[in-house]
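Here are some exercises to work through with the model open beside you. Try each task before reading its solution.

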Amino acid sequence: MAADRLIAFRRKRPEELETMTRAGRILAECLDHVASQVAPGVTTQQLDTVAETFIRDHGCVPSFLGYNGFPKSICISVNEECVHGMPGARVITEGDLVCLDCGVILEGWQADAGMTVACGAVDEESRRLLDVTYGALQRGIAAAQPGNRIGDIGAAISAYVVAAGFSLLHDHCGHGIGRRMHEPPEVPNYGTPGRGNELKPGLVLAIEPIVNAGTGDYRILGDGWTVVTADGRRSAYWEHTVAITEDGPRVLTLRGAERTAALV
């Protein structure tokens, strides 16, 4: 059992899950709104302003603003940037991949989600990278069944990504979420089926595969936050906040475009 690194966590009560569900809906709407503003000539700082305005206008607080000193309301990572991208003067151009990672707090409860947007037409490899990353998220969520274990989620994600010829970003993973953005247990994007914490109703997880076209190695830029691929190739990311229920996984941050899909 020690090798499985089992960690105690508190499961959410129904009324707490209801608040997290409301937070998730607002976050999903925020991401859709920010994604609609991605266009050539727009700066990542402009998108950050759009995100913060939307969050506050809907009665929430940006989770990321001030978190461990992060000075922005959303992480925006473009092309070779994998995660934790710092909004600023970078101008989005036609053919870019733009990763949007955002969190909100509603009445003390958190939701965390993200997506990758193609700015206009992208090359074939980038399109396949988008499809595989989203597919990896779907498979991770499908594995988040009550009675399964954390390792089942990571095993499903990694098997799919590796079979597609891509790599997972090293040293980064999903996490539990509730009153704090990062709660136990960690949710790695790799694992052994049947190992790790048991998934019990009331557990809420942020599942977030980060997939690189090339190596899984990375470096961190001088801002101390932005993670970029070591080989300069592109990366994509997708994330949902997912509650484990008696009936299976329930996505709390489902976006409008996903509501008619199988990811429910």
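Buried means under 20% relative accessible area, exposed means over 50%, and partly exposed lies in between. Keep in mind that this is a predicted model.

**Exercise 1. Find the aromatic pairs in the whole structure and work out their geometry.**

Solution. The search returns two pairs. Start with F70 and W225: their ring centres are 4.9 Å apart and their planes meet at 80°, so this pair is edge-to-face, since planes over 60 degrees apart count that way. F70 is in the loop between β1 (61-62) and β2 (74-78), while W225 is in the loop between β11 (218-220) and β12 (227-229), 155 residues apart. Now check accessibility: F70, at 3%, counts as buried, whereas W225, at 22%, is partly exposed.

Turn to Y134 and W238, whose ring centres are 5.1 Å apart with planes at 65°, so this pair is edge-to-face. Y134 sits in helix α3 (residues 124-142) and W238 in the loop between β13 (235-237) and β14 (240-245), with 104 residues separating them. Both Y134 and W238 are buried.

**Exercise 2. Decide whether A89 is buried or exposed, and say which residues it touches.**

Solution. First, A89 lies in the loop between β3 (81-83) and β4 (97-106). Second, its relative accessibility is 70%, so A89 counts as exposed. Third, A89 touches T43 and T44, not counting residues up to four places away in sequence. Finally, take the C-alpha distance from A89 to N197: it is 42 Å, for residues 108 apart along the chain.

**Exercise 3. Characterise the second largest pocket by volume and lining.**

Solution. Begin with the volume, which is about 320 Å³. Then inspect the lining: there are 18 residues, with Y67, H84, D101, M181 and H182 nearest the centre of the pocket. To finish, sort the lining by class, which gives nine nonpolar, five polar and four charged residues.

Note on methods
Residues are numbered from 1 along each chain as its sequence is written. This is a predicted model: local features need pLDDT of at least 70, side-chain atom pairs count only at pLDDT 80 or more; totals for chains, interfaces and linings use all residues. Side-chain values use heavy atoms; hydrogens and water are left out. On a 1 Å grid over the protein atoms alone, a cavity is a set of points where a 1.4 Å probe fits but cannot get out, and a pocket is an open set with protein on both sides within 12 Å along at least five of seven lines; lining residues have an atom within 4 Å of a point. Grid points are joined across faces, edges and corners, and a volume is the space filled by probe spheres set on the points. Ala, Val, Leu, Ile, Met, Phe, Trp, Tyr, Cys and Pro count as nonpolar, Asp, Glu, Lys and Arg as charged, and the others, Gly among them, as polar. Rings of Phe, Tyr and Trp (its six-membered ring) pair if their centres lie within 6.5 Å; planes under 30 degrees apart count as stacked, over 60 as edge-to-face and the rest as tilted. Helices (H or I, at least four residues) and strands (E, at least two) are DSSP runs, numbered from the N terminus. Buried means under 20% relative accessible area, exposed over 50%, partly exposed in between (1.4 Å probe, protein chains only). Contact means heavy atoms within 4.5 Å.
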